[in-house]
Amino acid sequence: MKTILLLTSILASLGWGSAATAQEMVFVIRHGEKEAEGDDPPLTAAGRRRAEAWADLLKTSGIDIVLHTDAARSRETGEIIAASLDMERTEVPMTDTAGLMDLLVFDHAEDTVLVIAHTETIPGILFQLGVETPPDVKDDDFANLFLVAPVGDGAPVFVVLRMP
């Protein structure tokens, strides 16, 4: 509950939800915990529970669309969250970060978007969103919520929250 209140406070301080603000806000998370083996491993039971927890945490965030990759673990995370939030989702190839960025810039410029990505793609996505020094994501870390919110012509507001 404290995390939801903190997130709400951050969004309010950015002017989120005000009629005068028409900025894109991007939430970035890593897919939930995945099976240890296989070419395209699905989520574990813990990964599905994490996706449900993300959906619960983000239910009042104003997200308009969920973007995820075509990897089974990312797709399943996206399906769980999008179904829970009753919204659309769009799938992009895991290796097509440029295509993902095009979707953000051209198709969802004024939307609040949730991006579900991977350890190796999250730093690049954050960098392309204007985060000068994006953090690395460890292989065993599934608990980060990255929030990028443009403000004027300067560097965006960048917030990192941790799911308990």
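Biologist: Which residue stands opposite Ile65 in E3?
Modeller: In this predicted model, Ile65 stands opposite Glu88 in E3.

Biologist: And in E4, what does Ile65 stand opposite?
Modeller: There, Ile65 is opposite Val113.

Biologist: What about His68, which residue is its bridge partner in E3?
Modeller: The partner of His68 in E3 is Glu91.

Biologist: How many bridges join E2 to E3, and do they run parallel or antiparallel?
Modeller: Five bridges join E2 to E3, which covers residues 88–92, and the two strands run parallel. E2 is also joined to E4, residues 112–117, by four bridges, and this pair runs parallel as well.

Biologist: Is E2 mostly covered or mostly exposed?
Modeller: Strand E2, residues 65–69, is mostly covered, with five of its five residues buried. Both of its faces are covered: Ile65, Leu67 and Thr69 are buried on one side, while Val66 and His68 are buried on the other.

Biologist: Let us turn to the whole sheet. What is the order of its strands?
Modeller: The sheet is open and has six strands in the order E3-E2-E4-E1-E5-E6, with mixed pairing. E3 and E6, the latter being residues 157–162, stand at the edges with a single partner strand each, so one side of each has no neighbour in the sheet.

Biologist: By how much are neighbouring strands turned against each other?
Modeller: On average, neighbouring strands of this sheet are turned by 20° against each other, with direction ignored.

Biologist: Which strands does helix H2 touch?
Modeller: Helix H2, residues 45–58, packs on the sheet and touches E1 (25–30), E4 and E5 (144–149). The direction of H2 makes about 35° with that of E5.

Biologist: And H3, where does that helix lie?
Modeller: H3 lies across E1, E2, E3 and E4, and runs at about 165° to E2. H3 spans residues 72–85, and together with E2 and E3 it makes a right-handed β-α-β unit.

Biologist: One more helix, please. Which residues of H4 are buried?
Modeller: In helix H4, residues 97–107, the buried residues are Thr97, Gly99, Leu100, Met101, Leu103 and Leu104.

Biologist: What covers those buried residues of H4?
Modeller: Their cover includes the strands E1, E2, E3 and E4, and also helix H5, residues 122–128.

Notes:
Residues numbered from 1 in each chain as written. Predicted model: local features only at pLDDT ≥ 70, side-chain atom pairs only at ≥ 80, totals over all residues. Heavy atoms only, no water. Buried < 20%, exposed > 50% of the residue type's maximum accessible area, 1.4 Å probe, protein only. Pairing = 2+ DSSP bridges. Right-handed = clockwise from strand over helix to strand, strands pointing away. Axes fitted to C-alpha atoms, helices over the stretch in contact; angles between N-to-C directions. Contact = heavy atoms within 4.5 Å.
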